[in-house]
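This report describes a single protein chain, moving from its overall form to selected residues. The sequence and the structure are shown first.

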Amino acid sequence: MSFLWAIIAGLIIGLLAKLVVPGRQPIPLWLTTLLGIVGALAGNALASAIGVRDTGGIDWIRHIFQIGVAAVLIAFVTPMWVRRRT
């Protein structure tokens with residue numbers, strides 16, 4: 001069941017990251033989800049390293065890290081995907 005939650009969270013984080021990155025990102029939904037999952041894992045690791053992974057209430061800082069890392073990954077991968085497709 002945790003695998004299914006990782007996919008759902010990756011999709012949501014990936015889509016939010018695409019909203020943060022300026023311009024159009026012509027990458028497929030599966031790649032957005034995959035980058036969202038990687039961004040979520042890396043964002044969790046970053047939040048743990050800083051010591052803000054588990055806070056009282058909603059972990060806003062951790063979620064911001066997750067979306068930020070996913071946005072950086074999308075901004076990095078999109079030009080390579082576009083170049084590959086042409």
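A residue is called buried when its relative accessible area is under 20% and exposed when that area is over 50%, while values in between count as partly exposed. With a relative accessible area of 42%, Leu34 is therefore partly exposed. This residue, Leu34, belongs to helix α2, and although Leu34 and Gly10 are 24 residues apart in sequence, their C-alpha atoms are 6.5 Å apart in space. The coordinates behind these values, and behind everything that follows, are those of a predicted model.

**Overall form**

The protein chain has 3 helices and 0 strands, and along the sequence these elements give the pattern α-α-α. Taken along the principal axes, the C-alpha atoms fill a box of roughly 45 × 30 × 20 Å. Of the 86 residues, 31% count as buried, and the chain exposes about 5600 Å², of which carbon and sulfur atoms supply 74%. When contacts between residues at least 6 apart in sequence are considered, 63% of them join residues at least 24 apart.

**Helices α1 and α2**

How do the axes of helix α1 and helix α2 cross, and within what distance do they come? The axes of α1, which spans residues 2–20, and α2, which spans residues 29–50, come within 7 Å and cross at roughly 100°. Because angles of 65 to 115 degrees count as roughly perpendicular, α1 is described as roughly perpendicular to α2. On the α1 side, the contact is made by Ala6, Ile7, Gly10, Leu11, Ile13, Gly14, Leu15 and Lys18, and on the α2 side by Leu29, Thr32, Thr33, Gly36, Ile37 and Ala40.

**Residues in helix α3**

Helix α3 covers residues 60–85 and contains Ala70. Is Ala70 buried or exposed? Its relative accessible area is 0%, so Ala70 is buried. Leaving aside residues up to four places away in sequence, Ala70 touches Ile13, Ala17, Leu35, Gly36 and Gly39. Of these partners, Ile13 and Gly36 also take part in the contact of α1 with α2.

His63 likewise lies in helix α3, but with a relative accessible area of 28% His63 is partly exposed.

| Pair | Separation in sequence | C-alpha to C-alpha distance |
|---|---|---|
| Ala70 and Leu41 | 29 residues | 9.6 Å |
| Leu34 and Gly10 | 24 residues | 6.5 Å |
| His63 and Phe76 | 13 residues | 20 Å |

Technical notes
Residues numbered from 1 in each chain as written. Predicted model: local features only at pLDDT ≥ 70, side-chain atom pairs only at ≥ 80, totals over all residues. Heavy atoms only, no water. Helix = DSSP H or I, 4+ residues; strand = E, 2+ residues; numbered from the N terminus. Buried < 20%, exposed > 50% of the residue type's maximum accessible area, 1.4 Å probe, protein only. Contact = heavy atoms within 4.5 Å. Areas by Shrake-Rupley, 256 points an atom, 1.4 Å probe, with all protein chains shown as cover. Axes fitted to C-alpha atoms, helices over the stretch in contact; angles between N-to-C directions. Parallel < 35°, antiparallel > 145°, perpendicular 65-115°, else oblique.
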